[in-house]
Each structure stands twice: as C-alpha cells, then as structure tokens.
Amino acid sequence: PAAAPVEPLSAIEGLDLMLGLGQAGGRHALYHSLLQQFVADQAGAGARIEAAIQAKRWEEAIRAAHTLKGVAAQIGAQMLHEQAARLEQALQAQVPGLSDLPDQQLPALLAALAEPLARLVRTLSDGLDQQRRPETGPAFDAARWSALRARLVALLEADDASSVQLFEENEVLASNALGPEFATLAGAIRHFEFQQALQALRKTG
C-alpha cells in the first residue's frame, strides 16, 4: 500500500505527515530521505543556537534558526516552524548591536523551541528505526539494484546529469538497498554533487 513507507511515523506529535508528504510530491522515498536528513542535521540545532547567543554571534544564531525554520516546514513540522520563526525574528533585533544585553525574550523562545525539537528528533529517530525493520511485501530485488548501481556509477563518473532522473525514478529501490546511507546519496545527487555521490555509492560496496 502507498502509505506503508511512512506508517510508523503517522502518530508522531508535532509532525503533519500528510502535509510533509504532500510537499515532497507524494514521493515516500524522498520524504523518508528528508526526515533522515532532519534528524541528522537538526538534532543539535538548539544547542548550536544557544551557544551562538551566549557568544553574541547573532548572524550564526540567525542562520541556524532560519535553517531550522525552513526544514521544519519542509517536513510538515508546522509548530516547530512557527517557533523557529519567532526565535529568528527576535534574534534579528540583536544584529545592530545597540545593546550589550540580549533580548529578555530569547531564553523563553529558545526553551519553547528546544523541548519540542528534542522530542521530534527522538520520536522521528525511533520511527525511522521501525521502518528499517523487515516488513512483509515484495522481496528486495538484488539483481535489479546491482544493475541500477552499476548504471548510476557510470553516469556519476561521467558527471552526467541524467543520473538525477535515474535515481529519482528508482528511489524506493535505492532506499531499500541503502537504508540509512540513502539520505547521504540522495542529498549529493539532488545537489548535483556527482563526485560526492559517487564516493557514497562506492562505499555501499
């Protein structure tokens, strides 16, 4: 069934699964990759923002809050997106450096962000782990993956942009074959970083 790839994530608090999946064009493998990247990249976002605030590195704190705001919206974590947006706005007021004291709202805004972020990362990580467990359904086609992998390697070696389309047409197969390594490869290919993608693919053996 179409919903199977994301079913373990359907009851996660703070995540609008249908919104996030819709923003990924209904493509389960792409959405799965975005969720993996969110967990990997944003788990420490609260700590990074707090450290930047304490050091009065306002631009760094703003960038981190802005990034979190964007990726939260992308995966369907709307409340987290709104909290990050409020924090970003408060941080922007610090940029001119007119005061040596940080906005008194900042600790409260950061606390309001940190707890739901940590909870979402934790529950997402658990849900993604459940997805990696064996499920009933069509057997993994090792021969088909081997052929796809060889073709992708050849295209990536030639810096051929058609590798992007080939990869996207076979996302489910690649996700099943690569597991947690899928996100790294997917990110590199979608950003046209073909040599990085090639290295990641070769590591899969």
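**Figure 1. Contacts across the whole chain.** Among the contacts in the protein with a separation of 6 or more, 67% join residues 24 or more positions apart; contact here means heavy atoms within 4.5 Å. This is a predicted model, in which local features need pLDDT of at least 70, side-chain atom pairs count only at pLDDT 80 or more, and totals for chains, interfaces and linings use all residues. Residues are numbered from 1 along each chain as its sequence is written, and side-chain values use heavy atoms, with hydrogens and water left out. The protein has 11 helices and 0 strands, where helices (H or I, at least four residues) and strands (E, at least two) are DSSP runs numbered from the N terminus. Of its 205 residues, 42% count as buried; buried means under 20% relative accessible area, exposed over 50%, and partly exposed in between (1.4 Å probe, protein chains only).

Figure 2. Helix 5 covers residues 78–92, 15 residues in total, and reaches 21 Å from its first C-alpha to its last. That is close to the 21 Å expected at 1.5 Å a residue, the expected span being 1.5 Å times one less than the number of residues. Its buried residues are L80, Q83, A84, L87, E88, A90 and L91. Looking down the axis of helix 5, you will find these buried residues within an arc of 165°, so they line one face of the helix; the arc is that of the directions from the helix axis to the C-beta atoms. The face turned away from the buried side carries the exposed residues M79 and Q89.

**Figure 3. E88 and its contacts.** E88 has a relative accessible area of 7% and is buried. Leaving aside neighbours within four places in sequence, E88 is in contact with I62, A65, H66 and K69.

**Figure 4. Where helix 2 crosses helix 10.** The axes of helix 2 (residues 28–42) and helix 10 come within 9 Å and cross at roughly 105°. Axes are lines fitted to C-alpha atoms, for helices over the stretch in contact, and angles run from 0 to 180 degrees between N-to-C directions. Helix 2 and helix 10 are therefore roughly perpendicular to each other, a label for angles of 65 to 115 degrees (under 35 is roughly parallel, over 145 roughly antiparallel and the rest oblique). On the helix 2 side, A29, L30, S33, Q36 and Q37 meet F182, A183, A186, G187 and R190 in helix 10.

**Figure 5. The aromatic pairs.** A search of the whole structure finds 2 aromatic pairs. Rings of Phe, Tyr and Trp (its six-membered ring) pair if their centres lie within 6.5 Å; planes under 30 degrees apart count as stacked, over 60 as edge-to-face and the rest as tilted. F167 and F182 have ring centres 5.5 Å apart and planes at 20°, so this pair is stacked. Because F167 lies in helix 8 (residues 162–169) and F182 in helix 10 (residues 182–190), the pair ties together parts that are 15 residues apart in sequence. F167 counts as buried at 1% relative accessibility, and F182 is buried at 0%. For F192 and F194, the ring centres are 5.9 Å apart and the planes at 70°, so the pair is edge-to-face. F194 is buried, with a relative accessible area of 8%.

**Figure 6. E193 in its loop.** E193 sits in the loop between helix 10 and helix 11 (194–203). With a relative accessible area of 36%, E193 is partly exposed. E193 and D159 are 34 residues apart in sequence and 8.8 Å apart in space, C-alpha to C-alpha.
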